[in-house]
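Student: I would like to learn how to read a protein structure. Could you take me through one?

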Amino acid sequence: EISACLVGSEMCIRDSAYGVHTSTNAITEIEAREVKVNAKNLGTKGSAVGLYASDGTYNKELNRQSTINVNADTLLVNATSNVGVGNTKNPVLVAAVAAYGDDIGEDDTQKSSHTATVNLSAKNIQLSASGQDAYGVSSVYGGKVTLGNEETKEIVISSVAPKEFGEQFASTKFTGLGAYARDANQKTTIVAPVSYTHLTLPTIA
C-alpha cells in the first residue's frame with residue numbers, strides 16, 4: 001500500500017501529492033497480489049496524482065523516457081484534492097493515473113522524443129479521482145496509458161468525494177479518460193478493453 005498525503009504547502013515536491021512518480025529516463029516496476037495507491041492533497045495548492053509518469057520537463061536532456069509498470073491481481077488507485085474547488089479559472093490536475101510526455105522537443109529545431117508510459121496489468125482495476133478538474137486517466141503530449149491485459153476482468157473508473165470533505169465536495173469536472181496533444185503529429189493514447197471498462201458519475205464515499 002502506497003500513500004502520499006500533502007497537508008501543507010511546505011511539504012512534498014512542487015506542492016503536489018504523488019503516490020508514485022517516475023521521471024526522466026527511469027522505470028518503476030510494481031508487482032504484488034494487491035496494490036493500493038492513495039494520493040491526497042490537503043494543502044493549499046498543487047495537484048494530486050496516484051500513478052504519475054512524466055518526461056522530466058525541467059530537464060533539458062533530449063529523448064527522455066519515463067515508465068511505470070504495475071502487475072497485480074487487484075489494483076486500487078485514488079487521487080483526491082480540495083485545492084481550487086469552486087475556482088474554474090485555475091484548474092488543478094487531479095488524476096488516478098497520468099502520463100505526461102512531450103515529443104516535440106524544447107523548440108521547433110529539436111525534434112526529440114520525450115515519452116511517458118503507464119502500463120497497468122491486473123484482473124481488477126479500480127481508478128478514482130476527485131477534485132476541481134479530475135481525471136480517472138490523463139494522457140498528455142505523447143503520453144501512453146495501457147489499462148489491462150488478457151487477464152483483466154473489470155476496470156472501473158469513477159469520481160468519488162470523500163466523506164471528510166462533505167457532500168458539497170465533488171469534482172467540478174470529471175473526465176473518465178482524457179487524452180490530448182498539441183498537434184496531429186503528436187501521438188497521445190489510452191488503450192483499454194472497452195468490454196470491461198465502466199465509467200461512473202461522482203459519488204460520496
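Predicted model: local features only at pLDDT ≥ 70, side-chain atom pairs only at ≥ 80, totals over all residues.

Student: Where do I begin? How many helices and strands does the protein have?

Tutor: Begin with the secondary structure. The protein has 13 strands and zero helices. Reading along the sequence therefore gives the pattern β-β-β-β-β-β-β-β-β-β-β-β-β.

Student: What holds strands together in a sheet?

Tutor: The strands of a sheet pair through backbone hydrogen bonds, and the pairing is either parallel or antiparallel. Here, five strands form an open sheet in the order β2-β4-β6-β8-β11, and their pairing is parallel.

Student: Which strands stand at the edges of this sheet?

Tutor: They are β2, residues 17–23, and β11, residues 173–180. Each has a single partner strand, so one side of each is left without a neighbour in the sheet. On average, neighbouring strands of this sheet are turned by 5° against each other, with direction ignored.

Student: How many bridges join β8 to β11?

Tutor: Seven bridges join them, and the two strands run parallel. Strand β8 covers residues 133–140.

Student: Which strand else pairs with β8?

Tutor: Strand β6, residues 93–100, pairs with β8 in the parallel sense, over seven bridges. For Ala95, the bridge partner in β8 is Tyr135.

Student: Is β8 mostly covered or exposed?

Tutor: Strand β8 is mostly covered, with eight of its eight residues buried. Across the protein, 48% of the 205 residues count as buried. The accessible surface of the protein comes to about 10100 Å², and 48% of it belongs to carbon and sulfur atoms.

Student: What should I look for in a nonpolar core, and which residues have the most contacts inside the largest one?

Tutor: The largest nonpolar core has 25 residues, and Leu51, Val97, Leu120 and Leu127 have the most contacts inside it. At least two residues of this core come from each of β3 (26–41), β4 (48–54), β5 (65–81), β6, β7 (115–130), β9 (144–147) and β10 (154–161). The largest share, six residues, comes from β7. Apart from this core lies another, of seven residues, including Val49, Leu93, Ala98 and Tyr135.

Student: What is Leu51 in contact with, leaving aside its neighbours within four places in sequence?

Tutor: Among the residues in contact with Leu51 are Val20, Val37, Ile68, Ala96, Val97 and Leu120. For the protein, 81% of the contacts with a separation of 6 or more are between residues 24 or more positions apart.

Student: Can we end with one residue? Is Thr22 buried or exposed?

Tutor: Thr22 lies in strand β2. Its relative accessible area is 2%, so Thr22 is buried, the cut-off being under 20%. The side chains of Thr22 and Thr28 are joined by a polar contact of 2.4 Å. Not counting residues up to four places away in sequence, Thr22 also touches others, including Ile27, Tyr52, Ala53 and Ser66.

Definitions and conventions
Residues numbered from 1 in each chain as written. Heavy atoms only, no water. Pairing = 2+ DSSP bridges. Helix = DSSP H or I, 4+ residues; strand = E, 2+ residues; numbered from the N terminus. Axes fitted to C-alpha atoms, helices over the stretch in contact; angles between N-to-C directions. Buried < 20%, exposed > 50% of the residue type's maximum accessible area, 1.4 Å probe, protein only. Contact = heavy atoms within 4.5 Å. Areas by Shrake-Rupley, 256 points an atom, 1.4 Å probe, with all protein chains shown as cover. Core = buried A, V, L, I, M, F, W, Y, C linked by side-chain atoms within 4.5 Å. Polar contact = N/O pair within 3.5 Å; in protein donor to acceptor, adjacent residues only side chain to side chain.
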